[in-house]
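Visitor: I'm new to this one. Could you walk me through it, one question at a time?

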Amino acid sequence: MQLLKDRIRKDGKIKEGNVLKVDSFLNHQLDMALFSAMGRQLAALFSNAGVTKILTVEASGIGLACMVSQYLGCVPVVFGKKHKTLNRDASVYSTPIFSFTHNTQYEVTIARRFLSEKDKALIVDDFLANGEAVHGLMDILSQAGASLAGIGIAVEKGFQGGGDKLRARGIRVESLAIIDRMDETGIVFRP
């Protein structure tokens, strides 16, 4: 998606450790015109996939998941929670997910009442690097007996291999921008 690539080139900042900082438009301050365009594009890609739920992890994936939902006819968005709360459901699916960006492992949970074997879920997230979040959400889908419609990603760090490994397993991964290389000379996107 050229609009996203242009915005990454304009406002993205490359940080030490292969971190791409896009907080001015993607995961801290949200550019809603960009989100609307990304949501429309991902929804179009998965419009015939029979999606009944959109699945993501808090917090950065929620905005994009909601926009995709809007263009898929407002299917429910379910997000994995990273933190225990006093009002957490007693019956949950859970899985450990390691965050590359935060260098932390979270126990992600989803209430069982929001996901069942009748569901066909589209996993949506802002970033795909090594694929840890996606694998965790796929584990939760497996626990629920639900099926996977595919994976929709805003920015994929292709050089970290997570997306390519999923595709090699026959899993449909659609990324709006795939970065093949990023360093002090700039960002190179996959054609």
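Visitor: Which residue forms a salt bridge with aspartate 119?

Guide: A salt bridge here is a side-chain nitrogen of Lys or Arg within 4 Å of a carboxyl oxygen of Asp or Glu. For aspartate 119, the closest N and O atoms of the pair are 3.3 Å apart. The partner is lysine 53.

Visitor: Before we go on, what sort of model am I looking at?

Guide: Residues are numbered from 1 along each chain as its sequence is written, and side-chain values use heavy atoms, with hydrogens and water left out. Local features need pLDDT of at least 70, side-chain atom pairs count only at pLDDT 80 or more, and totals for chains, interfaces and linings use all residues, since this is a predicted model.

Visitor: Back to that pair: how many residues apart are aspartate 119 and lysine 53?

Guide: Helices (H or I, at least four residues) and strands (E, at least two) are DSSP runs, numbered from the N terminus. Aspartate 119 sits in the loop between strand E6 (104-111) and strand E7 (120-128), while lysine 53 belongs to strand E3 (residues 53-57). The pair links distant parts of the chain, and the separation is 66 residues.

Visitor: How does lysine 21 count, buried, partly exposed or exposed?

Guide: Lysine 21 lies in strand E2 (residues 19-21). Its salt bridge is with aspartate 23, where the closest N and O atoms are 3.3 Å apart. Aspartate 23 has 25% relative accessibility, so aspartate 23 counts as partly exposed. Lysine 21 has 36%, so lysine 21 also counts as partly exposed.

Visitor: Which residues is lysine 21 in contact with, leaving aside its neighbours within four places in sequence?

Guide: Contact means heavy atoms within 4.5 Å. Isoleucine 187 is 166 residues from lysine 21 along the chain, and their C-alpha atoms are separated by 12 Å. With those sequence neighbours set aside, the contacts of lysine 21 are Asp11, Gly12, Lys13 and Lys15.

Visitor: How many salt bridges does a search of the whole structure find?

Guide: Some sit in a network, which links Glu156, Asp164, Arg167, Asp180 and Arg190. Arginine 181 and aspartate 183 also meet in a salt bridge, at 3.0 Å from N to O. Over the whole structure, the search finds 11.

Visitor: What are the buried residues of helix H4?

Guide: Helix H4 covers residues 60-71. Its buried residues pack against helix H3 (32-45), E3, strand E4 (77-80), E7 and strand E8 (147-157). They are Gly61, Leu64, Ala65, Met67, Val68 and Ser69.

Visitor: Which residues does the cis peptide bond join?

Guide: One of the two, alanine 59, lies in the loop between E3 and H4. Omega of the bond is about 0°. The bond joins glutamate 58 and alanine 59.

Visitor: What is phi of cysteine 74, a residue other than glycine?

Guide: Just after H4, glycine 73 takes a positive phi of about 85°. Cysteine 74 has its place in the loop between H4 and E4, and at 59% relative accessibility it counts as exposed. Its phi is positive too, near 65°.

Visitor: How far apart in space are alanine 90 and alanine 49?

Guide: Alanine 90 lies in the loop between E4 and strand E5 (92-99). At 85% relative accessibility, alanine 90 counts as exposed. In sequence, alanine 90 and alanine 49 are 41 residues apart; in space, C-alpha to C-alpha, the distance is 32 Å.

Visitor: Stepping back, what is the radius of gyration of the chain?

Guide: The chain has 6 helices and 10 strands. The radius is taken over C-alpha atoms, and the globule rule is 2.2 Å times the number of residues to the power 0.38. For 191 residues that rule gives 16 Å, and the chain is close to that, so it is as compact as a globular protein of that length: its radius of gyration is 16 Å.

Visitor: And what share of the residues in the chain is buried?

Guide: The C-alpha trace spans about 50 × 35 × 35 Å along its principal axes. Among contacts with a separation of 6 or more, residues 24 or more positions apart account for 62%. Of the 191 residues, the buried share is 48%.

Methods: Buried means under 20% relative accessible area, exposed over 50%, partly exposed in between (1.4 Å probe, protein chains only).
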